[in-house]
Structure formats: C-alpha cells, structure tokens
Amino acid sequence: MTTTLLNADKIRLDGRKLDELRPVKIDVGVIKNADGSALIEFGKNKIIAAVYGPKEVHPRHLTKPDRAIVKCRYHMTPFSTDTRKNPSFSRREIEISKVIRQALEPAIILEDYPRSSIEVYMEVLQSDGGSRCAALSAASVALADAGINMRDLVAGCAAGKIGGEIVLDIDDTEDKEGEADMPTAIMPSLGLVTLFQLDGKLSESEFQKTFEFAIKGCMKVYQIQREALMNKYFGQSEPMQESTE
Amino acid sequence: MSAVRKAVVVGTLRKSQMKEQLEKGKRLDGRDLLQQRKLSIETGVIEKASGSARVRLGDTEIVAGAKVEMGRPFPDTPDQGLLIVTAEVLPIASAYAEPGPPNEEAIELARVSDRGIRESEMLDFSKLVIKKGEHVYSVFVDVAVLNDDGGLFDAASYAIVSALSTAKRPNATLAEDGSLTVLDETSDLEVKTLPVATTFAKIDGKIVFDPNTEEQSMMDARLTLVTDSEGKFVAGQKGGSGVFTFEEIRELARTSAERGIEIRKAIRDTIENGSQKT
Amino acid sequence: MSSVKRKYVVPGDVVAEGDFRPVAHVTQHGNKFISTRVGMAEVGQEGVRVIPLSGPYIPRVDDLVIGQIVDYSAFAWDVDINSPFFGVLPAQSVFGREYSPADESLSSKFAIGDHLTCKIMSFDRTRDPLVTVSGPGLGKVEKGEIVKISPTKVPRLIGKKGLMIKSIETATNTRLAIGQNGIVVTLGPSAGVEMVRRAIRLIEEEAHLADLGSKVQALFTASESATN
C-alpha cells in the first residue's frame, strides 16, 4: 500500500472522521421528459436517475398480467472515470443493474400496475466510490417523483474497512486501497435490507460492526432523500390545517 | 411439441407442502433447514487444464478449469499477475438454459466467484510476475455448469478453489535479450487460503442453506457469503427481489462462518487425496 | 365539520398510528399507516389517506378523459389517454353493431392525431380500458388548444363544485373541457388561452397550498392592470 488512508488521529485523506458521510446533495425533477428524476451528488459521484412509466411493455411477451416489471440500467459514461471507460456495457454494469433492480423491486408496489413496465435509468456522469448506492438512492427518489406507489424509499450507503478501521462511506481512493467494502441498501421505515454486497476481508466482529455502520449511513442518506423530495414538492410551506377552502 | 417454458413453475401444492415442512423444520427433499446436499469433489478431471475440478452438490454439477498462461500485465498493475473468471450455464444444464452470450445470472456468478478469489488473496499475484511490466502469468478460471439444480455460487466456489489448489503453472526463463522461453516443467500455483461460498435462501420467512432449483424458485431472497480459511468474510451478495431483516443478516454471518469450516475440511481432504465424497 | 389533520409526506413516512381505516395511498403495518406517495396526508374520521402530488393517470369507469388517436386496426382505435394503458375505442361503438371492416374504414371517421373527448366504459386489471364517444359532450374535439396538468391535480383545477373552473372561464373569456387524465381543451381568444396556461401552471406549482382560488384571481387582476 502506497497511500496512508488514515492519519494518526484517525482522520481520512479527505478530512472525514471514521463515521462521516461525504457531502450528499439530491435534486429532484432534473429531467423534464422523464416521469420522475433525480440528480445525486455523493462525494464526487454525479449520477442522474430517470424513471419512465408505468408504460406498455416492450417486447410484449415480457408482460406480467398481475404486476409491473422493472427494467433497470446502471450505465457509466465514458468520461466518468479516471481513464476513459469503454462505452459498451460491461459485466460490472450488468451485475450492478441486476442488484439495483432487486434492491428497488421490494419497495415498488408492482401489483398496482399490472401489464406495465417501469423503466429506471441511472447514468453515472462522474464516478467516485459507492456509485451503486448513490445511483439506487437517486433512483428511489426518482420513483417517488414519478408518483409510483412505493412501500418505502430505498436508501443506500456502503461501509468498509480502511487502514485497519471500520469506516462509513468509502470513496474511490479508499475503495482501491482499502481492505473491505460493504454496499448496503435498506427500506428505512420498514427496517429491511434490499441490497447487500461485500468484497474485502472482515472478521466476524468486523462484519457485524461494518453492517451497523452501513445501516447508519443509509439512515443519513434517507434523511437527505426525504428533504430533497419535501423541498421539491412543498418548499418552505406548511400544510393548510383548515378543513375546507 | 410442448410450449416453451421460461422458468421453473412450482405448483401451488408443492408450495403449500413446502410451507408445511418448513414449519416442522424440514424441507421437501427431507433435509433440515441448514443441511447441505451431498457434496462430492473430484480434482484433475481435465488433463489439458492447469488445474480442474468437478463438483457435485446434490444434482448440481459443475466443472471448473484453470489455465495458467503467459500474458501481459495491465498498465496500471505492471507488477501483478492477471485473473480472469468467466461462468457459463451450458445449454445442456437445464430446460431453461439457452445458448448464447452469458445472461445476467451467469455474469453475476462469474463476478461473485471472482471476488471470492481476488479479495481472499488466495493467489499472490505479485509472485505471478516474470518481468515487471512485460511478462506475467494470466490465470483464467472458467466455470461450466453441466447440470443446474441450484446452489451455483456455492458449487462454483468449491470447484474453483479445488481447481486452483491443484493447479500447476509453467516455468519460464527470460533471456538476456528479453525473450521468454516457456519450459515443459511446472510448479505448483500456490494458494494461500480457501475461500468458500455459502448460500442461504429465505422462503416463507424461514432461512434454508444450500437451496436447490425448486427452492430457489420459491424463495423471496438469497444471501451468499464467502469466508476464507481464517473465517474472514471476503465476499457477499444478496439476490432476489425480496428482503432480509437486519437480524437475519447478522445471524447468517455467524452461520456462514461455521459452515465454511466443514466445507473447507472436505475440500482439503479432496486436494490431498484426489477425490472426496461426504 | 370534524377536524382533519394534514401533513406533507413522502413514501415510507408514517402517516398515522392507531385505529383507522386506510382510504387511499397508504399501506398498513399493524396499527401503523405508511404513505406510498409524495403528497398531503389527511387523517380524519373517515380514515387515513394521502392525496398524491404526482403520478400517472389510472383509468376509472365513468371518468371523462381527453385522448388522442395514435393507431387503429380493422376493429378499433388506440387512444392515448395519458396513462400507462391505452384506451380502446371499438369500431362497433362508433359505426353501430352492423360494422364490417369490409364495407367501412375506421379512418373515414377519426384519423390518427385527432383528439377525442371520451368516457371510460370499463376497465379492470386484465384489459386495456374501453372508451366510448357516444353521449352528450363526447366525440371529436373540433377546435381548441390542448393544455396539460398533472392528473393528480385535476381536482384542484376543477375546484369545489366546479368553482375554480368557472372563475377561470369567466376571467379569461374561455371555455374549458377538463379530462380527468390531465388533458384540458381550452377554447377562446388567444390572450385568454395564455391566461389559462398561466393559471394552470400556478395550480400545478401550488396545488398543496391553501387559498388557491384567491391566488388565481390575483394572477388575473395583476395581468389586467398590466395590460391597461
């Protein structure tokens, strides 16, 4: 290892404490043509998620008579990485698209939209560590913006291990040089895990602690998702309390 | 001719029978909830491979072949050997498998298998270098699913670990002028740890270990955890469109670590004795 | 009138806890009611509901909708009703029971691109919604301009007992036909149509706020004094 990821005071390269999230910002409704959309800036990640649908299913034979199908595409633009990314769809993108789809599906009330498809596109304009969690967090906000019935939002955040310490929210450098990364997504109100991955090396007690950190990170992201939606739809206003107008 | 079926259809009757059995702590095939199917491993099944293994896990059958060849390093890792993992569910493997490029399931299988090898540091890639920036060893691990009855992550991991543990690499000499001569003699491809996968499925709120195809088609979600010889977690993957509670994840970590110990013992016995049935 | 408690919610927010009846856009977990949409939650005597602020138009039988012909076969027109589901207008319901594709062509009646005012005849989860153009006020839209509003905000555009729509019509000297699917046909002088657009934009942005009626009035007064 060439880089020291933590200094003597356990402060990370970018100045964060062990349990500190990178700055996260979400803008709702950034793509006019889409039924719902969101831009997330998560550290250096800049990712746009857009939702189209529910709409008719193409090709038709994929139609489910009693529920909607979800199509998910996580894609990185060629300029999003340090060295240019080959624009063709990689195996990594296929896998991430799949796990994100399976992280969002539990939250969408698919039975409310029989015979239709809900399309979720995530375009990574600039990538940093934790792009899958950032992308799905944006996608969940975009689904809410599209007015699709959902059981809960889905909030994602990774935790991991760097320089021998368990930390929240791994960035690019920490991902490359660190010891473990645990991308996690939850439905915060229902307390359920919808995405879980791990790569790296963790003892069992480290596993448990990293998981706790990841959940805490997801809860922080959730607050930002809520605020973003509230801000878009309600601004600073207070709900009217008189019962007639 | 019968209609083309896209996936396994599990009958309602089977589902309710399964539910009944699960309540009693049993499964439709008679297993206990956390019981693995019969596992057998054979190594050295493909002579032309540098290392190979056939794994049978219940009716699932997988062959993994490792090939160690000379290659050029990636520009950003000039002092590291290469690892390339692929997986294919062959069209013979089930009525639902189709020829063609790997689908997302097969890609996921390859990528999770790759993570297990890479993250456990099973191979010391810094030792697989002949000349920095010029010549390194490329380790190709190709997984072929011959018969699919579920548990592919687990069976593939046992096959890969067994294949790599018994693999040889060609020796090579580097001449003064930089030319490379590959020799006939070989050395062991040293492995430092045995990463093994354990997959659990959640069906009707109950957790079962090593689900077969029928169980997979009933499951809400699955969780695969990979542990190395020291009991450390090196890879994980949730699958399926269902969910886990926080406590289920915590508990599965404990169970996975325990089961890993037994499985590694079976693999070690195979590597030492050539084949092993449990 | 009994009091109604209101608050703003997003999916996953707990709307209320206790012994209530779920009315709309909430899921129930024990005695907890959780919102499925972004919108305004109301907890009152009749139960718990969320009035959503975004979302697609889901057809309901007897809804008046305004759609556009996008395709036709020998037996039916496909009508885009601004919904996940296409409306189906069967040829028989226009030409009569004796309709035969050998004698008559659908394009002789309505062409692709035509707007229709129609009613949802039947709709369930298994079939695309069936629409009809027979009935008073239904049929081809001969003239006017199309203005769109989020389908979830149509009730605010109509207002209590149609008060909002009447006040807009009076102030702008226009006639409005409002489809429940968020498609509005506006008929009148172009200055009036432009005012309608602005009023609809205001309703779109402030549907969750009180005093919408007076705000729309203020908009009209402001523009009047600007032109005078």
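**Interface between chain A and chain B**

In this predicted model, A:L192 stands opposite B:T245, a residue of strand β13(B). The pairing to which these residues relate joins β9(A) to strand β13 of chain B (residues 244-245), runs in the antiparallel sense and extends over two bridges.

The contact between the chains involves 32 residues of chain A and 37 residues of chain B. Together, the two chains bury about 3,200 Å² between them, and carbon and sulfur atoms account for 56% of this area.

Charged and polar interactions were examined next. Seven salt bridges are found across the interface of chain A and chain B. One of them links A:K98 with B:E108, with a separation of 2.7 Å between the closest N and O atoms. Residue pairs in polar contact between chain A and chain B number 21, counted where both residues are at pLDDT 80 or more.

On the side of chain A that touches chain B, the elements giving two or more residues are α1 (91-104), β8 (180-187), β9 (192-202) and α4 (204-234). Strand β9(A) provides the largest share of this side, with 11 residues; β9(A) is also the strand that pairs with β13 of chain B. By residue class, the side of chain A that touches chain B comprises 14 nonpolar, eight polar and 10 charged residues.

Key: Residues are numbered from 1 along each chain as its sequence is written. Chains are lettered from A and ligands numbered from 1 in the order in which they are written. This is a predicted model: local features need pLDDT of at least 70, side-chain atom pairs count only at pLDDT 80 or more; totals for chains, interfaces and linings use all residues. Side-chain values use heavy atoms; hydrogens and water are left out. Contact means heavy atoms within 4.5 Å. Buried area is the accessible area (1.4 Å probe) that two parts lose on being put together, summed over both. A salt bridge is a side-chain nitrogen of Lys or Arg within 4 Å of a carboxyl oxygen of Asp or Glu. A polar contact is a pair of N or O atoms within 3.5 Å; within protein, one must be able to donate a hydrogen and the other to accept it, and residues adjacent in sequence count only if both atoms are side-chain atoms. Helices (H or I, at least four residues) and strands (E, at least two) are DSSP runs, numbered from the N terminus. Ala, Val, Leu, Ile, Met, Phe, Trp, Tyr, Cys and Pro count as nonpolar, Asp, Glu, Lys and Arg as charged, and the others, Gly among them, as polar. Two strands pair if DSSP finds at least two bridges between them.
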